[in-house]
Amino acid sequence: MKKTRDVIPGPKAMRVIDTMKKHAYDSTFVYSLVVSHGHNCIIEDIDGNKYLDFTSNIGSCPLGYSHPDIVEILAQYSSNGTYKIAGQDFYCQEHADLAENISTILPSGFKTFFINSGAEAVENAIKMAYKKMGPLPGISCTGAFHGRTLGALSFTFSRPVQKYNFPELPSKRIKFCTNDNDPELDAAEKILKENKVAFILTEIIQGEGGYNVASKKFISNLRKFATRYGVPLILDEVQSGIGHTGKWWAFEHYGIKPDIMSTAKALQIGATAFSKKFDPMQRSVLSSTWGGGNRIDMAVGSRVIQVIKRDKLLENATKMGHILKTGLVEMVGKKGVINVRGLGLMVGIEFDSTAHRDKKLVELFKHGLMTLGAGQKSMRIIPPLIITKEQIQEGLDIMHKVLMRT
Ligand SMILES: Cc1ncc(COP(=O)(O)O)c(C=O)c1O
């Protein structure tokens, strides 16, 4: 990989960032990367600097960049002037294809509803629960991230700045337990005994919250309590779904199934998937605009599923994740690296402070490695599923160099 990172940000990047600062809301940008294009697991910025991508754009680019299968799909639409339609009003082949493709990896009998984003996938999951259960509080977890639209935001607990002063839907919060001996493992049952509740909503591996992996007992308890009290279990697989943990869905590591689930990112659009029991069985209860109408995204989503199957990328995620985690674990206990955890190719590194994590994120970037923060003081690594052993090693070498110096 040719690296030209002499001046970062370069002059072209500086112009874009200055324009953004002047005319746009400067929301959550992390460092001065201005993306131009990409190939395989490499992203090039507009000044020609190259970076090994350990983010896959938070899982939305599972096949990396310029993948021949995706390039082929995009080419098909270059002469189709109708790439976006009112997809809840008119049918198209891509919608049927994606529904059929995703059904091959969902629990049997599940149906899907397509929307624009992950947050809307969560919103439609909770709407399905409200429709069946009534306008009751929902149970969700500390450290959870379910999106930033106002409904989903009520159940997001990652950072106060995301919702300060905003009105919220009723919720009951339980601790997200990562340890099988946590005394709070049955907190949900205490709530369910005393309150009527519309749903239990959780991630299996918290994304934005810091790549915290749920305890096996915690998840099996939630499944058990949901069934016992007749409340739907909603699993949010927006970040973890479609292969990043080495299985199609993170819940497969736990031997349970949800009643309703949300996914997005790697799928290219949002999807709420549900067992027949939660089918609203009435038209117009749910609707979306271009999630079910962006034909290119739906066509790419179908091809992503097919390529993951054809190229055995779940196996690759498991193998590469193992190499990655083994390499990172060696750094635990040294130079402020507190902990390494994860499932498959979703790996989190916890630091001793936010400032330390933030400093290392920028240093890694300047050394040609893209990573992202998660939670208060963790770094998340979620490379494309096509990543090779050599690329994992290259990333580990950079991490070793940057993290193991003061
Ligand atoms: C678990 C989870 N749920 C929901 C969302 C919201 O998805 P979106 O940004 O597509 O609205 C995210 C986004 O990071 C997520 O990680």
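## Ligand contacts

An oxygen atom of the ligand sits 2.8 Å from a polar backbone atom of Ala119. An N or O atom in the side chain of Asp236 is 2.6 Å from a ligand nitrogen atom. For Gln239, a side-chain N or O atom lies 2.8 Å from an oxygen atom of the ligand. On its own the ligand has 390 Å² of accessible area, and the protein covers 82% of that. Accessible areas here follow the Shrake-Rupley method with a 1.4 Å probe; for residues, only the protein chains shown count as cover.

This is a predicted model: local features need pLDDT of at least 70, side-chain atom pairs count only at pLDDT 80 or more, and totals for chains, interfaces and linings use all residues. Residues are numbered from 1 along each chain as its sequence is written, and side-chain values use heavy atoms, with hydrogens and water left out.

## The shell around the ligand

Which residues surround the ligand? They are Ser117, Gly118, Ala119, Phe145, His146, Gly147, Glu203, Asp236, Val238, Gln239 and Lys265.

By class, the shell has 3 nonpolar, 5 polar and 3 charged residues. Ala, Val, Leu, Ile, Met, Phe, Trp, Tyr, Cys and Pro count as nonpolar; Asp, Glu, Lys and Arg count as charged; the others, Gly among them, count as polar.

## The nonpolar core

The largest nonpolar core holds 93 residues. Phe218, Leu328, Ile349 and Met399 have the most contacts inside it. Helix 9 (residues 295-310) gives the largest share of this core, 7 residues. Where does the core lie relative to domain 1 and domain 2? Domain 1 (27-66 + 312-403) and domain 2 (74-310) both contribute residues, so the core lies between them.

A nonpolar core is a set of buried Ala, Val, Leu, Ile, Met, Phe, Trp, Tyr and Cys residues joined through side-chain atoms within 4.5 Å. Buried means under 20% relative accessible area, exposed over 50%, and partly exposed in between (1.4 Å probe, protein chains only). Helices (H or I, at least four residues) and strands (E, at least two) are DSSP runs, numbered from the N terminus. The domain bounds come from an automatic or database domain assignment.

## Positive phi values

Most residues other than glycine have a negative phi. Asn40 has a positive phi, near 55 degrees. Asn40 is in the loop between strand 1 (35-39) and strand 2 (42-45). Asn40 is partly exposed, at 30% relative accessibility.

Ser56 also has a positive phi, near 40 degrees. Ser56 belongs to helix 2 (residues 56-59). Is Ser56 buried or exposed? Ser56 is buried, with a relative accessible area of 0%.

## Loop residues and distances

Glu208 is in the loop between strand 8 (205-206) and strand 9 (212-213). At 15% relative accessibility, Glu208 is buried. The Glu208 side chain makes a polar contact with the side chain of Arg380 at 2.8 Å. A polar contact is a pair of N or O atoms within 3.5 Å; within protein, one must be able to donate a hydrogen and the other to accept it, and residues adjacent in sequence count only if both atoms are side-chain atoms.

Gly368 is in the loop between helix 11 (354-366) and strand 15 (369-370). Gly368 is buried, at 0% relative accessibility. Gly368 and Lys50 are 318 residues apart along the chain, with C-alpha atoms 6.5 Å apart. Thr354, in helix 11, is partly exposed at 33% relative accessible area.

How values were computed. Near = heavy atom within 4 Å.
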